[in-house]
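Colleague: Hi! Could you walk me through this model when you have a minute?
Modeller: Happy to, let me put it up.

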Amino acid sequence: MKSAYLACGLTHVPKSVFNEYVDVIHGIASATRASVDGLTVKYALVDSDPQLEKRKQDDKARLCYLWDRKMVEEADIVIAEASFPSTGLGIELQIAESNDTPIILLFKDYGCNRAAERHYQNPEDSIDHILQIGEGFVTLMALGMPSIFRVIRYEDLEDCARQLANALSVLEKEG
């Protein structure tokens with residue numbers, strides 16, 4: 001294992017936890033590097049977003065897709081911090097899945113990111129259905145991806161780093 005891509009959703013992180021979340025992402029990158037000798041870790045906060053800031057508005061979406069896609073495609077493993085919903089993160093997970101790249105999916109309860117239970121009725125019946133959202137943190141669609149090697153729910157950065165190091169060690173041995 002030589003390279004990792006740290007995927008995350010940033011667009012819909014509430015302002016009240018944004019700075020904490022950014023610190024967690026940087027901390028996960030650091031913990032990942034510390035877990036595997038010589039592992040390169042790339043992620044949008046460092047390897048594409050600052051560069052996009054300098055580009056013309058009309059070019060940003062295309063370049064974001066191309067650059068982030070390339071980082072996913074070149075990675076030996078994708079570590080996905082999935083505490084907040086993100087279309088981009090979902091695309092990155094699907095790219096990893098399509099390439100049979102193992103995924104370690106991480107999430108934390110921030111107190112504002114759990115979807116509430118929802119009920120609905122379909123037009124052809126009067127049965128009260130419950131929307132299938134799992135635990136309400138990560139969609140069942142994402143959790144069902146065959147490339148997911150491990151799902152880690154963590155309490156804080158220290159807990160995340162410990163569980164992530166364990167998962168990376170197992171993955172490296174299986175490698």
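This is a predicted model: local features need pLDDT of at least 70, side-chain atom pairs count only at pLDDT 80 or more; totals for chains, interfaces and linings use all residues.

Colleague: Great. Which residues touch the most other members of the largest nonpolar core?
Modeller: Leu 6, Ile 28, Ile 79, Ile 104, Leu 106 and Tyr 154 do, in a core of 29 residues.

Colleague: And which element gives that core its largest share?
Modeller: That is α1, with seven residues. At least two residues each come from β1 (3-8), α1 (15-35), β2 (40-43), β3 (77-81), β4 (103-107) and α7 (157-174).

Colleague: What is Leu 6 in contact with, leaving aside its neighbours within four places in sequence?
Modeller: Its contacts include Ile 25, Ile 28 and Ala 29, along with Val 41, Tyr 43 and Ile 79. Lys 42 and Ala 44 are on the list too.

Colleague: How many residues are in the second core?
Modeller: There are 21, and that core is separate; Ala 75, Leu 89, Phe 107 and Ala 142 are among them.

Colleague: Switching to helices: at what angle do α1 and α7 pack?
Modeller: About 35°, with the axes 9 Å apart. The crossing is right-handed.

Colleague: Which residues meet there?
Modeller: From α1 you have Val 24, Gly 27, Ile 28, Ala 31, Thr 32 and Ser 35. They meet Leu 157, Cys 160, Ala 161, Leu 164, Ala 165 and Leu 168 of α7. By type, the contact has nine nonpolar residues, three polar and no charged.

Colleague: Is Ala 31 buried or exposed?
Modeller: Ala 31, in helix α1, counts as buried because its relative accessibility is 13%, below the 20% cut-off.

Colleague: Last one: where does Asp 100 lie?
Modeller: In the loop between α5 (87-98) and β4. Asp 100 has a positive phi of about 55° although it is not a glycine. Most residues other than glycine have a negative phi.

Colleague: Is Asp 100 buried or exposed?
Modeller: Exposed, with a relative accessible area of 63%.

Definitions and conventions
Residues are numbered from 1 along each chain as its sequence is written. Side-chain values use heavy atoms; hydrogens and water are left out. A nonpolar core is a set of buried Ala, Val, Leu, Ile, Met, Phe, Trp, Tyr and Cys residues joined through side-chain atoms within 4.5 Å. Buried means under 20% relative accessible area, exposed over 50%, partly exposed in between (1.4 Å probe, protein chains only). Helices (H or I, at least four residues) and strands (E, at least two) are DSSP runs, numbered from the N terminus. Contact means heavy atoms within 4.5 Å. Axes are lines fitted to C-alpha atoms, for helices over the stretch in contact, and angles run from 0 to 180 degrees between N-to-C directions. A crossing is left-handed if the near helix is turned anticlockwise from the far one by less than a right angle, and right-handed if clockwise. Ala, Val, Leu, Ile, Met, Phe, Trp, Tyr, Cys and Pro count as nonpolar, Asp, Glu, Lys and Arg as charged, and the others, Gly among them, as polar.
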